[in-house]
Amino acid sequence: MKQSYDYAKEVEQYGLISPIFTKSVASTGEYAADLTAMWQEFYVDMITCKPEELDAKYDAYCKEYLDNGYQEILDEKQKLIDSGDFIAQ
């Protein structure tokens, strides 16, 4: 927790805010492995594709990533923020 807080203070001048949640984000554990594998696959494809394919691939991959669990993670984090279960920085 302290390490996360120190990092947040270090980067706050750049406008990067990452809340420190006081409850676990359960959906992260459920989807983390699959999302990591997807991200790796998408990353390689996007850096090796033709430039004219990039925008379409990016849009498709964003939708697929959200549909395969990331939206649930974002929704759960938003609920924790809405209920005050985070440390403000």
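## Salt bridges

A salt bridge here is a side-chain nitrogen of Lys or Arg within 4 Å of a carboxyl oxygen of Asp or Glu. Asp-85 makes one with Lys-23, and their closest N and O atoms are 3.5 Å apart. This pair ties together distant parts of the chain: Asp-85 sits in the loop between H3 and strand E2 (86-87), while Lys-23 sits in the loop between strand E1 (20-21) and H2, 62 residues apart. Helices (H or I, at least four residues) and strands (E, at least two) are DSSP runs, numbered from the N terminus. Asp-85 is buried at a relative accessible area of 16%, whereas Lys-23 is partly exposed at 48%. For those labels, buried means under 20% relative accessible area, exposed means over 50%, and partly exposed is in between (1.4 Å probe, protein chains only).

A quick word on what you're looking at: this is a predicted model, where local features need pLDDT of at least 70 and side-chain atom pairs count only at pLDDT 80 or more, while totals for chains, interfaces and linings use all residues. Residues are numbered from 1 along each chain as its sequence is written, and side-chain values use heavy atoms, with hydrogens and water left out.

How many salt bridges does a search of the whole structure find? The count is 3. Another of them joins Lys-57 to Asp-45, with the closest N and O atoms 2.8 Å apart. That pair also links distant parts of the chain, with Lys-57 in helix H3 and Asp-45 in helix H2, 12 residues apart. Asp-45 is partly exposed, at a relative accessible area of 21%. Then there's Asp-67 with Lys-63, whose side chains meet at 2.6 Å, N to O. Both of these lie in helix H3, 4 residues apart, or about one turn of the helix. Asp-67 is exposed at 52% relative accessible area, and so is Lys-63 at 51%.

## Leu-80 and its neighbours

Leu-80 lies in helix H3 and is buried, with a relative accessible area of 9%. What does Leu-80 touch, not counting residues up to four places away in sequence? The list is Phe-21, Lys-23, Ser-24, Val-25, Asp-85 and Phe-86, where contact means heavy atoms within 4.5 Å. Two names on that list, Lys-23 and Asp-85, are the salt-bridge partners from the opening paragraph.

For a sense of distance, Leu-80 and Glu-12 are 68 residues apart in sequence and 21 Å apart in space, going C-alpha to C-alpha.

## Ser-27 in helix H2

Ser-27 is found in helix H2. Buried or exposed? Ser-27 counts as buried, at 6% relative accessibility. Leaving aside neighbours within four places in sequence, Ser-27 is in contact with Glu-72, Ile-73 and Glu-76.

## Aromatic pairs

There are 3 aromatic pairs in the structure. The rule is that rings of Phe, Tyr and Trp (its six-membered ring) pair if their centres lie within 6.5 Å; planes under 30 degrees apart count as stacked, over 60 as edge-to-face, and the rest as tilted. Phe-42 and Tyr-61 are stacked, because their ring centres are 3.9 Å apart and their planes are at 10 degrees. Here too the pair links distant parts of the chain: Phe-42 is in helix H2 (residues 26-48) and Tyr-61 is in helix H3 (residues 54-82), 19 residues apart. Phe-42 is buried at 7% relative accessible area, and Tyr-61 is buried too, at 16%.

Tyr-65 and Tyr-70 form a tilted pair, 5.2 Å centre to centre with 50 degrees between the planes. Tyr-70 is partly exposed, with a relative accessible area of 30%.

## Cysteines

If you're wondering about disulfides (pairs of cysteine sulfur atoms within 2.5 Å), the structure holds 0. Cys-49 counts as buried at 16% relative accessibility, while Cys-62 is partly exposed at 30%.

## A nonpolar patch

Trp-39, Tyr-43, Val-44 and Ile-47 make a nonpolar surface patch of about 440 Å². Trp-39 lies in helix H2. Patches are built from residues with over 30% relative accessible area and no salt bridge: like charges are joined within 9 Å, and nonpolar side chains (Val, Leu, Ile, Met, Phe, Trp, Tyr) within 5 Å. The accessible areas come from the Shrake-Rupley method with a 1.4 Å probe, and for residues only the protein chains shown count as cover.
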